[in-house]
Amino acid sequence: MPTKKKPQVTAAAARRGELLSTAAEVFAEHGYNATTVRRIADHAGMLAGSLYYHFDSKESMLEEILRTFLDELWDGYDTVLTSGLGPRETLEALVTESFREIDRHRAAVAIYQKESRQLVAQDRFAFLAESQRRFEKAWLSTLERGVAEHVFRADLDVRLTYRFVRDTVWVAASWYRPGGQHSPEEIARQYLSMVLDGIAVRDEHGKREEHE
């Protein structure tokens, strides 16, 4: 008997994941307020009552979608931030990890971008505000360290740069599609080549200094 239970749990978990993936796409396309359990169920090819067997509300679905995305994001970010990299390498790794998360959770990133400001007013989504604070601290401290260590320009407005990097990275969720021509790593390389040429220290001849 025990051997029969494991596949059942696995199948249930797989089905739950499929439903969350469908819900994420619906939330991303139609918005939180316009999305109903019935609409999600229609996209999943099932009755709304059957969806309630897996989730008690659309809020529960959205919370799980966003928590899963942010948990994975911070697993990657924390690995980067505790690895002892220099500021330039840290920024490169954070950008690359961000594009990887867009690849894994494109719809969740789109929801996060569009809905966070509205959702944080609800108690169950208070974790979004905490994540935003951690996110800002991680990026600002990296940029400030780069200026202090003469890796980034002394006249760099770190808060303005942070906002630019944050918004230009995450907006990619609006056009990026997994399995396309470019991998997330390649997109990160192209993006970094544009950003770092603008913020890196230059020598007296106007050329960007190379840092091993």
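Reply: Helices here are DSSP runs of H or I with at least four residues, strands are runs of E with at least two, and both are numbered from the N terminus. On that basis the protein, which is a predicted model, has nine helices and zero strands. Along the sequence the pattern reads α-α-α-α-α-α-α-α-α. The C-alpha atoms fill a box of roughly 70 × 40 × 30 Å along the principal axes. Of the 212 residues, 42% are buried. Among contacts with a separation of 6 or more, 68% join residues 24 or more positions apart. The exposed surface comes to about 12,000 Å², and carbon and sulfur atoms supply 51% of it.

Now the aromatic side chains. A search of the whole structure finds eleven aromatic pairs.

F135 belongs to helix α7 and Y162 to helix α8, so the pair ties together parts that are 27 residues apart in sequence. F135 and Y162 are both buried.

F135 and Y162 are also members of one aromatic cluster, whose other members are F69, W74, Y77, Y112, W139 and W170. A second case of a charge over a ring involves K58, whose charged end sits over the ring of Y32, 4.4 Å from the centre.

Helices α7 and α8, which carry the F135 and Y162 pair, also take part in covering another element. Helix α9 spans residues 184-199, has 16 residues and reaches 22 Å from first C-alpha to last, close to the 22 Å expected at 1.5 Å a residue. Its buried residues are P184, I187, A188, Y191, L192, V195, L196 and I199. The cover over these buried residues includes α5 (87-104), α7 (127-148) and α8 (158-170). As background to such a list, an α-helix has 3.6 residues a turn, so residues three or four places apart point the same way.

Methods: Residues numbered from 1 in each chain as written. Predicted model: local features only at pLDDT ≥ 70, side-chain atom pairs only at ≥ 80, totals over all residues. Heavy atoms only, no water. Expected span 1.5 Å × (residues − 1). Buried < 20%, exposed > 50% of the residue type's maximum accessible area, 1.4 Å probe, protein only. Contact = heavy atoms within 4.5 Å. Phe/Tyr/Trp six-rings, centres within 6.5 Å; stacked < 30°, edge-to-face > 60°. Lys NZ or Arg CZ within 6 Å of the ring centre and 35° of its normal. Areas by Shrake-Rupley, 256 points an atom, 1.4 Å probe, with all protein chains shown as cover.
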